[in-house]
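User: I have a structure open and want to go through the contacts. Can you take me through them?

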Amino acid sequence: MTDPRLMLLSPGDSVYVLRDQIAVGEAVMVDGHTVTFAGALGLGHKIARVAVAAGQQVIKYGAPIGRASRAIAPGDHVHLHNLISDYTPTYALNKGDA
Amino acid sequence: MRGWLRSDGRKGIRNVVAAAYLVECAHHVAREVAAVDRENAHVIGFPGCYPNAYAQKMMERLCTHPNVGAVLLVSLGCESFNRHQVAEVVRATGRPVKVLVIQNSGGTRSTIAAGREWVAEQVAALSQVPTVPMAVSDLIVGTVCGGSDGTSGITGNPAAGIAFDKLVAAGAACIFEETGELIGCEAIMEARAATPALAAELRAAVEKAARYYDTLGYGSFASGNADGGLTTIEEKSLGAYMKSGQSPISGLIKPGDIPPKGGLYLMDVVPDGEVRFGFPNISDNAEIVEMMASGAHCTLFVTGRGSVVGSALAPVIKIAANPHMYARLSEDMDVNAGRVLEGAATLEEVGQEIFDLVIALASGTRSKSEDLGHQEFILTYKSFEPIGPACLPV
């Protein structure tokens, strides 16, 4: 079972996309497993659906959106701390968790 | 729909006077001239003192945009911009044109007075010009996205893409852009090209953008994009690409090239040659200005974080991708595509709403940003080579 706020955009994607926000510490069901997050997550953020080894591609919209910079486990928030571009590095003022 | 027929056969959905400054030193005078009738007199201009072929072409295209009925050119007098040439180009279209040179007109106060008098005469004359019937196939529509977040590629951009498909099916020309925000989309995009040679041009344009931004050290990615859940430029690109819809890609144009017929066109906005003059488009309005220079009557602007801009000359339709942002900024947003995330509407329904709004706009309805008085405009230095023969297959 998966929380209805998690949206799968394409069948082969390695991430879900949030259609609504998740509060700090809130229990969220991801494919039958309960996970919690250290910070609030806004809509549009990504949560891993499958494990991705460091250096492997992360898939969204059925297409690669970069590579895991460290191992990603199912249920992890996928963002600047564990995903990097194959093209130009990302510039952000903060950690992208505003 | 009814529009104003121009001598080149194009039809305008607005009929405004452009008050154009030809160097930053003339900006204040142009702004003061237009300030007394902002609804009918729109300020555009080029701030640089050094000559630039791109800026010259852009200003010529903008001063002969179908939404423009008359042009006031405000020159300081010593700048390098070729005011004689742009005046001649405007005059050749049959539009009234007036050149005011501040250094020859007694200075700031008297130039403003002379400009206001001329603009008032033109506005009165333009209000008497009859309109003609207009069809969807007369329209050129651009699309940009700005202030994107993780919702843009799921709601607003695909909904704009559906509106584009409907417009293209009805014979309109639609333009999508920012090759720097199509990085990672090369393979899926080239499969939609009308010819194999065009496919190669599309790929080359995106590869050029990737090299250009790589040299600059920053992608076309703002800090707020990351706050909104986007992590990499290719992720942002895949979302931005959704604005293009599903139609075949008919051609590749550069800023100022006017689509020769209906269809879907990619605009290559990244300069040619070595990196000069800095970032290709320093902010969203630079993209809207290039859309207008290629004849766009209006622009669809999809935003997740919440941009509030509009544009001089050609109205902007604001499409909110993020329902939370819509709740905060509804006074600036024409469409709430965020409803899709809440299950309150389908992408198809929002796409139809956008299509209907374009028709309403072209029939005289005003957009939110237009009503709020947003008339942003920015034009900076660039350099381009002309497009190759494969870019516009017959």
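Analyst: About 2500 Å² is buried between chain B and chain A, and carbon and sulfur atoms give 59% of that area. Buried area here is the accessible area (1.4 Å probe) that two parts lose on being put together, summed over both. This is a predicted model: local features need pLDDT of at least 70, side-chain atom pairs count only at pLDDT 80 or more, and totals for chains, interfaces and linings use all residues. Residues are numbered from 1 along each chain as its sequence is written, chains are lettered from A and ligands numbered from 1 in the order in which they are written, and side-chain values use heavy atoms, with hydrogens and water left out.

User: Which three residues supply 21% of the area that chain B buries against chain A?

Analyst: Asp227(B), Thr231(B) and Glu234(B), more than any other three residues.

User: How many residues of chain B are in contact with chain A?

Analyst: 33 residues of chain B are in contact with 33 residues of chain A, where contact means heavy atoms within 4.5 Å.

User: And how many salt bridges between chain B and chain A?

Analyst: The count is 2. A salt bridge is a side-chain nitrogen of Lys or Arg within 4 Å of a carboxyl oxygen of Asp or Glu. Glu235(B) pairs with Lys60(A) in a salt bridge, at 2.8 Å from N to O.

User: How many over all chains?

Analyst: The structure holds 23 salt bridges over all chains. Among them is Arg116(B) with Glu32(B), at 3.6 Å, N to O. That pair links distant parts of the chain, 84 residues apart: Arg116(B) is in helix 4 (residues 108-126) of chain B and Glu32(B) in helix 1 (residues 27-35) of chain B. Helices (H or I, at least four residues) are DSSP runs, numbered from the N terminus.

User: Switching to helix packing. At what angle do helix 2 and helix 3 of chain B pack?

Analyst: Helix 2 (residues 53-63) of chain B packs on helix 3 (residues 83-92) of chain B at about 30 degrees, with their axes 9 Å apart. That makes helix 2 of chain B roughly parallel to helix 3 of chain B, a label for angles under 35 degrees. Axes are lines fitted to C-alpha atoms, for helices over the stretch in contact, and angles run from 0 to 180 degrees between N-to-C directions.

User: Which residues meet there, between helix 2 and helix 3 of chain B?

Analyst: Gln56(B), Met59(B), Glu60(B) and Cys63(B) from helix 2 of chain B meet Gln85(B), Val86(B), Val89(B) and Val90(B) from helix 3 of chain B. By class, the contact of helix 2 with helix 3 of chain B has 5 nonpolar, 2 polar and 1 charged. Ala, Val, Leu, Ile, Met, Phe, Trp, Tyr, Cys and Pro count as nonpolar, Asp, Glu, Lys and Arg as charged, and the others, Gly among them, as polar.

User: What about helix 2 and helix 10 of chain B?

Analyst: The axes of helix 2 of chain B and helix 10 (residues 284-293) of chain B come within 8 Å and cross at roughly 65 degrees. Tyr54(B), Met58(B), Arg61(B) and Leu62(B) in helix 2 of chain B touch Val289(B), Glu290(B), Met292(B) and Ala293(B) in helix 10 of chain B. This contact of helix 2 with helix 10 of chain B has 6 nonpolar, no polar and 2 charged residues.

Key: Helix = DSSP H or I, 4+ residues; strand = E, 2+ residues; numbered from the N terminus. Parallel < 35°, antiparallel > 145°, perpendicular 65-115°, else oblique.
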